[in-house]
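Open the model in your viewer and colour it by secondary structure. The tour goes from the whole chain to single side chains.

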Amino acid sequence: MWKMNTKHCVMQAGMTMTNKFLSLLGMAQRAGKLAGGEDLALQAIQKGRAHLVVLASDASDNTTKKFTDKCTYYKVQLCREYDRATLGQATGRTERVVIAVTDKGFADALLKSVNLDRT
């Protein structure tokens, strides 16, 4: 039996999520600790409520620039590991381009899971 490297795995719709990051993202959604969508995520960043921003790897150039600039200015960590369909599946939506994590505990756990995948 072979072991799949989840860092480079692109999830397809309907597949079981085995990645810890995506599982934590789903838990944060159920706990009400995410601001999903461009407008809500932007408000969370500007009001200082965002501890982490997850931006889809396939976001448009304009969206990527907007959120990269905002996260740099407001000193919010930005993560670009997954595409919009994968983020949507993790949060129970069709697609999700940008998500702001508004809970520090979830943000820290999400960042830790990404760093563990990279080792």
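Helices (H or I, at least four residues) and strands (E, at least two) are DSSP runs, numbered from the N terminus. On that basis the protein reads α-β-α-β-α-β-α-β-α along the sequence. That is five helices and four strands.

Before selecting anything, note that this is a predicted model, in which local features need pLDDT of at least 70 and side-chain atom pairs count only at pLDDT 80 or more, while totals for chains, interfaces and linings use all residues. Residues are numbered from 1 along each chain as its sequence is written, and side-chain values use heavy atoms, with hydrogens and water left out.

**Stop 1: the whole chain**

Show the surface. The protein exposes about 7,100 Å², and carbon and sulfur atoms supply 50% of it. Accessible areas come from the Shrake-Rupley method with a 1.4 Å probe; for residues, only the protein chains shown count as cover. Buried means under 20% relative accessible area, exposed over 50%, and partly exposed in between (1.4 Å probe, protein chains only). Of the 119 residues, 39% count as buried. Contact means heavy atoms within 4.5 Å. Among contacts with a separation of 6 or more, 77% are between residues 24 or more positions apart.

**Stop 2: helix H4**

Select residues 84-91, which form helix H4. Which residues of H4 are buried? They are Thr86, Leu87, Gly88, Ala90 and Thr91. Step just past H4 to Gly92, which takes a positive phi of about 80°.

**Stop 3: Arg96**

Continue to Arg96, in the loop between helix H4 and strand E4 (98-101). Lys and Arg count as positive and Asp and Glu as negative; His and the chain ends are not counted. A salt bridge is a side-chain nitrogen of Lys or Arg within 4 Å of a carboxyl oxygen of Asp or Glu. Arg96 is buried yet has no salt bridge. How far away is the nearest side chain of opposite charge? That side chain is Glu38, 9.6 Å away. Display the neighbours instead. Not counting residues up to four places away in sequence, Arg96 touches Gly36, Gly37, Ala56, Arg84, Leu87, Gly88 and Thr91.

**Stop 4: the cysteines**

Select Cys71 in helix H3 (residues 61-74). Cys71 is buried, at 3% relative accessible area. Beyond its neighbours within four places in sequence, Cys71 is in contact with Ile45, Val53, Val76 and Leu78. A disulfide is a pair of cysteine sulfur atoms within 2.5 Å. The whole structure has zero disulfides.

**Stop 5: the aromatic pairs**

Rings of Phe, Tyr and Trp (its six-membered ring) pair if their centres lie within 6.5 Å; planes under 30 degrees apart count as stacked, over 60 as edge-to-face and the rest as tilted. The structure holds two aromatic pairs. Select Phe21 and Tyr82: this pair is stacked, 5.3 Å centre to centre, with 25° between the planes. It links distant parts of the chain, with Phe21 in helix H1 and Tyr82 in the loop between strand E3 (77-79) and H4, 61 residues apart. Phe21 is buried at 0% relative accessibility, and Tyr82 is buried at 6%.

Finish on Tyr73 and Tyr74. Their ring centres are 4.9 Å apart and their planes at 80°, so the pair is edge-to-face.
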